[in-house]
Amino acid sequence: MSEKEQLILDLIRKNPYVSQQELAEILGLSRPTIANMISGLMKKGNILGRAYILNEAQQVICIGGANIDRKFHIKDKVQLGTSNPIYVTHNAGGVARNIAENLGRLGLKVSLISASGADKDWSIIEDTSGLYMNLETVIQFPEKSTGSYTAVLDSEGDLVIALADMDIYDAITPDLLLKHEGLLSRAKCIMVDLNCPKETVQFLCHFAKNHDIPIAIIPVSSPKMSRLPDDLNGVTWLITNRDESETYFHTEIRNDEDWKNAVEKWLSNGVANVIITNGKKGSMIGNKEEGIFHIPSVETKEILDVTGAGDAFSSAVIYSWLEGKPLIEIARAGNINASKTLQSPYTVRQDLSAEQLLKDLEEGL
């Protein structure tokens, strides 16, 4: 970093809202020169965006989907081939965005890297998400539509069918990520969902390994398991469900032995820490140092909405691991956050905080 760049950072640190013209006058440089230097500092990751937010703390970088969730709630028993009375809700969603909001509510500093349209749907997402994550790293494509996920839920809150428009995430390419190379290289942890193209996931795994940064992969769905990188060595966490693991290994998980064997297969493929969730049966978690454990699910008496429960699980796992917790506690945190989210009408439960999660865990023991 040059002496002038360091002076700019010192001045911004004192006043994050200082204008480029004021900086130019203080340093005796032209405003265009200051603008170029600030642009360079942003590319290096020293400055995060508007109001010149300095990158002084390590962040969790969440990469992938940020879309609108539209939910059609069927009031009575589902009847195919005819009209069903419903009520409609919509809110911000997307796996990476949901996890980013969970982690932000838990007190971590988070940046979201995604792609969006320049439309009303993105405005809704921006208004909902801005308190919990940095959105300066979301790239807008005015010619495209913001991603959307439309779910039809029965009267019990269970999913009947889901429709996903996620084509915009093909724009999350390695070249796009390289624009944020400075930010990525300083990450506390990188989380990527499989809404991203395979080449992007492979690039991130290689980048994380070269920079000694933990990386967690969230599959999203069984059809997207083909986007996993060919080489899983260096992947810190893989958080998957039974269907996704069955799809990848072309086998059925019929009992606890099959379940454990699937975890062992992931570990033998190079993943450091693995979880396979299995609905009401709980989760199987393991690594080569601590072993493999089955953690029962938390009994959830009243389910209001299943959307977001898996993301809540993944978020609590990542958070607890970053807090240095052992595997059993990590899985329990995932289970309890998922259970509380199932009981909430929101994709990300509104009462979530580090203190509340700890309280939930203590009450759940």
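The side chains of Asp351 and Arg349 form a salt bridge, with N and O 3.2 Å apart; the term denotes a side-chain nitrogen of Lys or Arg within 4 Å of a carboxyl oxygen of Asp or Glu. Asp351 is partly exposed at a relative accessible area of 43%, whereas Arg349 is buried at 1%. Here buried means under 20% relative accessible area, exposed means over 50%, and partly exposed lies in between (1.4 Å probe, protein chains only).

The model is predicted: local features need pLDDT of at least 70, side-chain atom pairs count only at pLDDT 80 or more, and totals for chains, interfaces and linings use all residues. Residues are numbered from 1 along each chain as its sequence is written, and side-chain values use heavy atoms, with hydrogens and water left out.

**Salt bridges**

The structure contains ten salt bridges. One of them joins Asp230 to Lys198. This pair connects distant parts of the chain, 32 residues apart: Lys198 belongs to helix H8 (residues 198–210), and Asp230 lies in the loop between strand E10 (215–218) and strand E11 (237–241). Helices (H or I, at least four residues) and strands (E, at least two) are DSSP runs, numbered from the N terminus. Asp230 is exposed, with a relative accessible area of 64%, while Lys198 is partly exposed at 30%. A salt bridge also links Arg254 and Asp258; Arg254 is exposed at 62%, but Asp258 is buried at 16%.

| Salt bridge | Distance, N to O |
|---|---|
| Asp230 – Lys198 | 2.8 Å |
| Arg254 – Asp258 | 3.3 Å |
| Asp351 – Arg349 | 3.2 Å |

**The four-stranded sheet**

Four strands make an open sheet in the order E3-E2-E7-E8, and their pairing is mixed. Two strands are taken to pair if DSSP finds at least two bridges between them. Strand E3 (86–93) and E8 form the edges, each pairing on one side only. From one strand to the next, the twist averages 15°.

Strand E2 (residues 67–74) pairs with E3 in the antiparallel sense over eight bridges. Within this pairing, Asp69 stands opposite Asn91 in E3, and Phe72 is placed opposite Val88 in E3. Helix H5 (residues 120–129) packs on the sheet and touches E2 and E3, its direction making about 95° with that of E2. Contact means heavy atoms within 4.5 Å; axes are lines fitted to C-alpha atoms, for helices over the stretch in contact, and angles run from 0 to 180 degrees between N-to-C directions.

E2 also runs parallel to strand E7 (residues 148–153), to which six bridges join it. In this pairing Arg70 faces Thr150 in E7 as its opposite residue. E2 is mostly covered, as six of its eight residues are buried.

**A nonpolar patch**

Val160, Ile161 and Leu163 make a nonpolar surface patch of about 260 Å². Patches consist of residues with over 30% relative accessible area and no salt bridge; like charges are joined within 9 Å, and nonpolar side chains (Val, Leu, Ile, Met, Phe, Trp, Tyr) within 5 Å. Accessible areas come from the Shrake-Rupley method with a 1.4 Å probe, and for residues only the protein chains shown count as cover. Ile161 lies in strand E8 (residues 159–165) and is partly exposed, with a relative accessible area of 45%.
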